[in-house]
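Have a look at this chain before we walk through one of its sheets. Keep the model open beside the text.

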Amino acid sequence: MAEGFTVHDGAAHAHAEKLAEFLDRHPRALVLTGAGLSTASGIPDYRDRDGTRRGRPPIHGPDFRKYEQVRKRYWARSMIGWPVLSRARPNPGHVAIAALEKIGHIGSVLTQNVDGLHGQAGSHGVLELHGNIHSVVCLDCSALFPRAFVQGQLADANPHMLHADATPLPDGDASVEPAELAEFRLPQCVCCGGTLMPNVVFFGDNVPPARTAIALDQMERADALLVVGSSLMVYSGFRFCRMAQASGKPIAAINLGRTRADDLLDIKIEESSERLLPLVVELLERARAGTERVTPSIQLDGGTL
């Protein structure tokens with residue numbers, strides 16, 4: 001690190017110094033985040049360490065719009081699962097990313113998450129690639145509603161579901177048996193009586209073109225890519241690694257387990273982001289207080305690297 005600055009606490013600190021040096025050399029890095037960043041906030045993720053998706057197949061957007069039974073399944077499960085997500089708060093990883101933005105050591109943040117925790121943590125330059133689960137849109141008149149408002153509708157229309165026993169799943173989902181859906185009543189738009197859908201990109205749907213254009217521009221302007229908590233198995237995230245590699249921009253990743261882009265990475269750190277990123281912020285802030293540059297000098301038990 002900066003002259004006279006060394007850490008002595010083993011692998012996590014060594015990883016933190018390596019990443020701090022990476023961000024010091026690339027202060028306009030685009031940060032791409034995924035579900036692994038939010039697990040420490042109590043939100044389950046989709047995949048295991050091999051990148052294999054857990055549980056039942058996800059609901060697809062075209063099916064949601066076409067079939068009432070699919071909408072019932074979604075809203076019943078969401079009614080039970082959303083309160084867990086709504087109570088989630090940013091963890092130290094989210095807070096550290098906001099701090100990196102504040103001290104000028106990253107460019108913008110592109111998240112695949114729909115939980116809104118980056119904004120709660122204080123990040124400003126955030127693009128939510130797949131939307132935000134806390135917003136609901138009417139498919140007929142395009143009116144927008146807070147998800148909390150729709151939760152009230154669901155509770156009023158389905159009091160028998162209020163105490164349903166279900167396991168929380170990613171993104172406000174929950175395990176609900178089909179038998180419990182027979183009497184379930186769907187929420188409706190209070191403006192036109194139309195069909196309500198969470199304002200997110202479902203599987204089988206595309207990211208809106210305008211949002212994609214902003215994300216691609218962010219990658220073009222960046223001088224590096226940092227992936228945090230994503231296996232990159234979904235192409236909408238993996239494409240940014242391919243773009244970075246094609247333009248010669250270095251890629252670093254913090255992820256517990258395999259990623260789809262492992263062969264494209266310049267740095268791969270298998271560490272919890274909520275543990276590692278606050279150390280990176282601390283190192284960069286201390287380096288700023290001393291010299292303008294960060295230079296690697298990692299002190300381990302056997303000597304200095």
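Predicted model: local features only at pLDDT ≥ 70, side-chain atom pairs only at ≥ 80, totals over all residues.

Residues are numbered from 1 along each chain as its sequence is written, and side-chain values use heavy atoms, with hydrogens and water left out.

The chain averages 86, with 83% of its residues at 70 or more. Over residues 1–8 the pLDDT is below 50, and it also stays under 50 over residues 296–305.

Now the sheet. Strands here are DSSP runs (E, at least two residues) and helices likewise (H or I, at least four), numbered from the N terminus; two strands pair if DSSP finds at least two bridges between them. Three strands make an open, antiparallel sheet in the order β5-β4-β8. Because β5 (144–146) and β8 (196–200) each have a single partner strand, one side of each is left without a neighbour in the sheet. Three bridges join β4 (residues 131–138) to β5. Across β4, β5 and β8 lies helix α6 (residues 147–157), at about 80° to β5 (axes are lines fitted to C-alpha atoms, for helices over the stretch in contact, with angles from 0 to 180 degrees between N-to-C directions).

Zoom in on Leu-144, which sits in β5 opposite Val-137. Is Leu-144 buried or exposed? At 56% relative accessibility it counts as exposed (over 50%; buried is under 20%, partly exposed in between, with a 1.4 Å probe and protein chains only). Beyond four places in sequence, Leu-144 has contacts (heavy atoms within 4.5 Å) with Ser-135, Val-136, Val-137 and Asn-199.

Terms used. pLDDT = per-residue confidence, 0-100.
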